[in-house]
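Take a walk through this structure, one part at a time. Start with the strands, then turn to the rings and the open space.

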Amino acid sequence: MVRKLVMTTVLAGIMVAAGPAFAAQAAIGSDAAACSSGGPAIRVTVDGLKDRTGELKLELYPANEADFLKDDRDLIKEGKFFRRVRLPTPPSGPVVLCIRVPAPGPYALLFTHNRDGRNKFNFWADGAGFPSNTKLGRSRPKVSQGRIVVPEGVVSVDIHAQYLRGLSGFGPIQGG
């Protein structure tokens with residue numbers, strides 16, 4: 001019994017000393033509280049960023065081809081769901097974002113890395129990614145690439161950022 005208590009105390013001390021290495025990375029952004037309070041929300045871990053400039057953005061659309069990537073003003077005017085979370089790119093460390101959803105169900109999620117700070121996607125410089133992590137290529141993405149089903153609570157997804165890579169279109173950067 002004493003040995004078990006000593007081991008538990010030692011392990012607790014190691015965890016406190018190690019700090020974030022033992023804790024789950026906290027989500028950042030205006031919807032971060034939705035991930036820490038149990039949702040419904042999507043927790044997105046992004047890797048493969050080309051650099052740490054500009055801003056990051058998550059956009060959530062209805063999960064159908066007609067509404068996917070449609071202008072947010074049109075979706076809202078039509079009474080359809082749309083949500084956006086935008087934040088400066090963190091200078092270092094893991095990138096974990098959160099976006100809340102109105103209710104459990106299917107949605108389509110888009111991640112973008114707006115490197116030049118303008119409020120318009122720059123095909124030549126900016127990055128993008130979807131939950132499917134399939135190579136984006138040159139054509140307009142399909143809703144199936146962004147589709148995600150959110151249960152009660154929080155669902156986690158990893159997205160690999162992709163950037164223009166010559167004539168073959170978008171893909172992950174080497175070593176990213």
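Predicted model: local features only at pLDDT ≥ 70, side-chain atom pairs only at ≥ 80, totals over all residues.

Ile42 stands opposite Ile99 in strand 4. Residues are numbered from 1 along each chain as its sequence is written, and side-chain values use heavy atoms, with hydrogens and water left out.

Strand 1 covers residues 41-47 and pairs with strand 4 in the antiparallel sense, over six bridges. Two strands pair if DSSP finds at least two bridges between them. Along this pairing, Val46 stands opposite Val95 in strand 4. Strand 1 also pairs with strand 8, in the parallel sense and over seven bridges. Here Val44 stands opposite Val157 of strand 8.

Three strands make an open sheet in the order 4-1-8, with mixed pairing. Strand 4 (95-100) and strand 8 (154-160) are the edge strands, each pairing on one side only. From one strand to the next, the twist averages 25°. Such angles run from 0 to 180 degrees between N-to-C directions, with axes as lines fitted to C-alpha atoms, for helices over the stretch in contact.

Strand 4 is mostly covered, with five of its six residues buried. Buried means under 20% relative accessible area, exposed means over 50%, and partly exposed lies in between (1.4 Å probe, protein chains only). Strand 8 alternates. Val155, Val157 and Ile159 point to one face and are buried.

Step back to the chain. The protein chain has four helices and ten strands. Helices (H or I, at least four residues) and strands (E, at least two) are DSSP runs, numbered from the N terminus. Along the sequence the pattern reads α-α-β-β-α-β-β-β-β-α-β-β-β-β. Of its 176 residues, 40% count as buried.

One loop sits between helix 2 (32-36) and strand 1, and Gly39 lies in it. Gly39 counts as partly exposed, because its relative accessibility is 30%. Gly39 and Pro104 are 65 residues apart in sequence, yet 9.1 Å apart in space, C-alpha to C-alpha.

Next come the rings. A pair of aromatic rings is described by the distance of the centres and the angle of the planes. Rings of Phe, Tyr and Trp (its six-membered ring) pair if their centres lie within 6.5 Å; planes under 30 degrees apart count as stacked, over 60 as edge-to-face and the rest as tilted. The structure holds seven such aromatic pairs. One of them joins Phe121 and Phe170: the centres are 6.1 Å apart and the planes are at 35°, so the pair is tilted. Phe121 lies in the loop between strand 5 and strand 6 (127-129), and Phe170 lies in strand 10 (residues 170-171), so the pair ties together parts that are 49 residues apart in sequence. At 40% relative accessibility, Phe121 counts as partly exposed. Phe170 counts as buried, at 6%.

Phe170 also pairs with Phe123. Their ring centres are 5.2 Å apart and their planes are at 75°, so this pair is edge-to-face. Phe123 lies in the loop between strand 5 and strand 6, so its pair with Phe170 in strand 10 ties together parts that are 47 residues apart in sequence. Phe123 counts as partly exposed, at 35% relative accessibility. Rolling a probe the size of a water molecule over the atoms shows where empty space is left. On a 1 Å grid over the protein atoms alone, a cavity is a set of points where a 1.4 Å probe fits but cannot get out, while a pocket is an open set with protein on both sides within 12 Å along at least five of seven lines; lining residues have an atom within 4 Å of a point. The largest pocket has a volume of about 480 Å³. That volume is the space filled by probe spheres set on the points, with grid points joined across faces, edges and corners.

In the largest pocket, 22 residues form the lining, and Leu69, Leu110, Thr112, Phe121 and Ala128 lie nearest its centre. Strand 2 (55-62), strand 3 (83-88) and strand 5 (105-114) each supply at least two residues of this lining. Strand 5 gives the largest share, three residues. By class, the lining has nine nonpolar, five polar and eight charged residues. Ala, Val, Leu, Ile, Met, Phe, Trp, Tyr, Cys and Pro count as nonpolar, Asp, Glu, Lys and Arg as charged, and the others, Gly among them, as polar.
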